[in-house]
Structure formats: C-alpha cells, structure tokens
Amino acid sequence: MIAALQWTALGTCLACTIWRVPSMVKGRNRGLFWVCLLASACVALSIPSLYLPFDALLGEANLANVILRFSSFAVFYLMAVKVAAAYKSPSSLRLIRGPIGLAVIAVCSLGILATYFFSDFHGSSPGLVGFGDQPMAIAYMWFGMCYPGYASACLVQPTAKAVFSNRPVIDRAAASSLCIGFFLIFLTIPLRLLPPHDGFIVKAVSFGSILFVATGFVIVWLSFIRRPMKGAASF
Amino acid sequence: MTVPAKLFQQWLSSVAGTTSHAALCRAAGIKRSTLAQQLVRGRVSVATVAAVSRSLDLPVVASLAVFPTFTDLTAGMRPPSAAELLSQISDTDLLQEILNRNVAAETLSEPIRVHLSPVPHRSSVRAWLDAVGTADLRQKVARQAAIAPQNLSAQISANRLTAELAIESARIANVGLTNGLVATGFLSPAEAGWAPGAREGALWETSNSALVSLAAQRLDALSRTLRRTEADSAAARSIWENLG
C-alpha cells in the first residue's frame, strides 16, 4: 500500500517534470521545472529500493539523506514563493521570502549540517529509521521537517481563500487540491509527535500530500491550457 | 421550472391531437431525447411547453395557464409600466439616445430615432428588478420561493431567472405577471402582451433629466460588474503567470 503510494507519487512528479520540459526550454516559469525535478529526487530518495543504491555510491554514510533534506528545502522555498505570488498573498510571501522565512530556512539548514556532522550515521538507512534512538538523529529529523511544515503552513490560508472565493470551478478545484496537500504536509509534524513514529499514517499522509499538491498543479496547467485568448475580455 | 408530465401529455393531446412526438420535436426544435427524458422523469420543462406552443402557433401564455402553477398567468397580464419598458432598453441604446438628443439640441434639429436592439439585453434581469421594486424585493422573493438569497443573486448576476422566480417577483412587486418573463428572455414582448413599439414610445417620452439619471444608474451598475470581472481575470492571470 505504502509502496504503491510512493511509486505513484514518484510517477506523478516525474510526469510533471517531463511536462515542464517544453516550458523550461522556452524559458517560461523555469522555477517550476526545478521544483518538479527536485521533488522527484526527494520522492525517489524516500523509496528504500532507490535510496540504498544511491547512498552506496556516496559511501553509505547517509549523505543521500542530507541531499534529500536540502532538495526538499529548495522545493518548498521555490514552490512557496510561486504559490504565494500566484494567489496574491503578500503576507504569505513576506513570511517566506522575508527575514522570518529566511531565518527559518537558515536555522533548519545549519541544524541539518550540525546534527549530521556531530553524529555517526554509518550504514545506509532510508529515512534514518535505523538511528531512531539517537537524540541527534531525532533532532536531525525535526530540522528536516520544520521548514517544509513552515512553508506549507504559510500556503494553507491563501489557497483556502481561493477555494471559498467565487472563482471558476476549475480554479477552485486546483486551489482545494493544493490547500489539502499543504495542510497534510503541515499535519505530518503533529502526527510525528504521536507514539508510533514510523507508523503507516505518517507515511500515507506525507505521500498523499505530495499527490494532492501535484494534482493541484496539474489542474492549474489544465486551466492554463484552456485559458481564453487575448482580446476575449468583455466590456 | 417544470410542469407534471401527465398534464403535459393531456395538454399535448388536446392541442396536437395524434401528431407524433418526433414530428412535434422537429417542429419545435427540441431534441427528441430531451423530451423523452423529461417525460420519463415526470417533469417537463416550461421551455418545452413554450417551444411546442410556438411551433403550433398557440399563445405561449395561454398554453402555460393550462397548468396548475400558472393558472392566473393570463389574468395577471398587465401592460408594462414606463420604468419596466425603459429597463428593457440596453445601456448602449440609452447612451445613444442621449447622444442623439444632444446632437439634436446643438444642431436645432429633430433627434435621430435610435433603433433599439432586441430584448433581452445584457443586464435585463437586474434592470427589470430594479425598475419594479425597491432593494428589499430580492429578499422577499428569496423568502417567498424558499431559496438562499445568494442563490438568487447568482442568477441575477448571470442575467438569468427561472420562470417561477420571475413570476413570483412580478407578483410581489404587483406588476404584470408576464413582464419578468420578457426580461429573462423566456417570452418575447409581443407574447407577454406588450404593445409593439412600446419601448420606443417610453424612451421618447422620457425627459432628458430622467434619461440621464437612468443612464448614470446603469453605468454605475456596469462599472461594478466590470470591476468584478476585472478582479476575477486578474486573479486568474496571476495564477497562470506564476504556475502556468
């Protein structure tokens, strides 16, 4: 079940990446291509059968997990800026691009590096579950989740506002899919506080959230393709 | 807005005799499958009644009055007031009339008569409701018909109004019952009993001051609508620019 969800999420992210290639070549919204590509990398590195061989190349010291964390930070920063601008929310944009947002991402990045170098993560372990009892590993995990959770939390309000507006149905469908996805990403933080850490629910929620966000982007692109041509504005 | 299929069948046999449904549909310009579906569901739309009635050269209002919900429709027909007539003239026609009168005043000649565009115009429903009642008319209509006020507003914004609501509004506003159906485009002015050229007559008899103030109200409403559509399209454009 979880494996199916993971591979579906990876397939969706890769499909989005391929879909962005023509726009990337034309120079239209290049950031989105990188978001899709890095998101694909994050999802791929969350799947044990892809994580283990990749980490083996890097010396089996779980450096791949550090790459995963930084990719996810980049994905969330780029995506949050785009989405906040798209839904015209200056306050969210400020929370992400402003001093607070940059401070959060800087603290999380430094935290990741510090906890990684001050602990011994030898022996590949997807998601670092094999080191779950080390306090450093727990801190590392929290730093890794903190920024995505923060960025997603900033995007729940603007997307929810669009859902309850009187926009066309397709726009509201896209906004609701994005909103649910961001809310679920944010929800993984409190869920992790609940007793079974590597539980089924946390994984289902985090990969489900990726599917929701990706679906939201797909719906936005569908509405973009169907957009009225110039000059169709009515008086 | 529908009538019971059973009564529709009875009415049909009384007015069309043994004519087949296929022939009726062809003459009325409605899809046979649409009629079949409406009959199966037990509810035939009033649009079907109107279309069949027109194809048989029967007066639409009298045909509708056969059905229980519309029995008082014929009796409730009354000529439209001047305000109602003016409400069914489009914004551009009103402005054109003002321009023509202005030119006539400057050149000391008779004003050129505007050739009015056919009803209904783009905001005919809103204009008619504003012409027949005060602001609380909409609330009364929504309460009477037991629908949510925002549901009614949505219809008005889209320049639509179900036949039931149009008749109910006319009843509450104490005007001719068929007049609202002209504003929604369900009936032609002639079918609703409006005299030919009544709109033109009302327009010519309107004083300059009343005409200008009416046009000002219309432009005000138009600017509100435009502002909304511009905001909507700006929101959509922002999404496409950032995420498209």
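Predicted model: local features only at pLDDT ≥ 70, side-chain atom pairs only at ≥ 80, totals over all residues.
1. Asp136(B) counts as partly exposed, at 32% relative accessibility. Its partner in a salt bridge is Lys140(B), with N and O 3.6 Å apart. Lys140(B) is partly exposed as well, with a relative accessible area of 39%. Both residues sit in helix 9 of chain B, which spans residues 136-145. They are four residues apart, about one turn of the helix.

2. Now the wider count. Over all chains, a search of the whole structure finds seven salt bridges. Arg54(B) has a relative accessible area of 35%, so it is partly exposed. Glu191(B), at 22%, counts as partly exposed too. The cut-off for buried is under 20%.

3. Another salt bridge joins Asp72(B) and Arg171(B), whose closest N and O atoms are 2.4 Å apart. This pair also links distant parts of the chain, 99 residues apart. Asp72(B) is in the loop between helix 5 and helix 6 (82-87) of chain B. Arg171(B) is in helix 11, residues 163-173. Both ends are partly exposed: Asp72(B) has a relative accessible area of 30%, and Arg171(B) has 35%.

4. Next, the domains. Chain B is divided into domain 1 (2-70) and domain 2 (82-222). Eight residues of domain 1 and six residues of domain 2 make the contact. The C-alpha centres of these two domains of chain B lie 29 Å apart. About 580 Å² is buried between them, and carbon and sulfur atoms give 74% of that area. On the domain 1 side, Arg54(B), Val61(B) and Phe70(B) supply 57% of the buried area, more than any other three residues.

5. What polar links cross this domain interface? The rule finds one salt bridge there. Two residue pairs are in polar contact between the domains. On the domain 1 side, helix 4 (46-55) and helix 5 (60-65) of chain B each supply at least two residues. Helix 4 gives the most, with four residues. By class, the residues on this side are seven nonpolar, no polar and one charged.

6. Then the chain interface. Which chain gives 22 residues to the contact between chain B and chain A? Chain A does, while chain B gives 14 residues. The area buried between the chains is about 1600 Å², and carbon and sulfur atoms give 59% of it. In chain B, Ile239(B), Trp240(B) and Leu243(B) lose the most area to chain A. Together they make up 44% of what that side buries.

7. The two chains have zero salt bridges between them. Polar contacts number seven residue pairs. The side of chain B that touches chain A has eight nonpolar, three polar and three charged residues.

8. Last, a residue of chain A. Is Ser209(A) buried or exposed? Ser209(A) is buried, because its relative accessible area is 1%. The residue belongs to helix 9 of chain A, residues 200-225. Leaving aside residues up to four places away in sequence, Ser209(A) touches Gly181(A), Leu184(A) and Ile185(A).

Key
Residues numbered from 1 in each chain as written. Chains lettered and ligands numbered in written order. Heavy atoms only, no water. Domains from an automatic or database assignment. Contact = heavy atoms within 4.5 Å. Buried area = accessible area lost by both parts, 1.4 Å probe. Salt bridge = Lys/Arg side-chain N within 4 Å of Asp/Glu carboxyl O. Polar contact = N/O pair within 3.5 Å; in protein donor to acceptor, adjacent residues only side chain to side chain. Nonpolar A, V, L, I, M, F, W, Y, C, P; charged D, E, K, R; others polar. Buried < 20%, exposed > 50% of the residue type's maximum accessible area, 1.4 Å probe, protein only.
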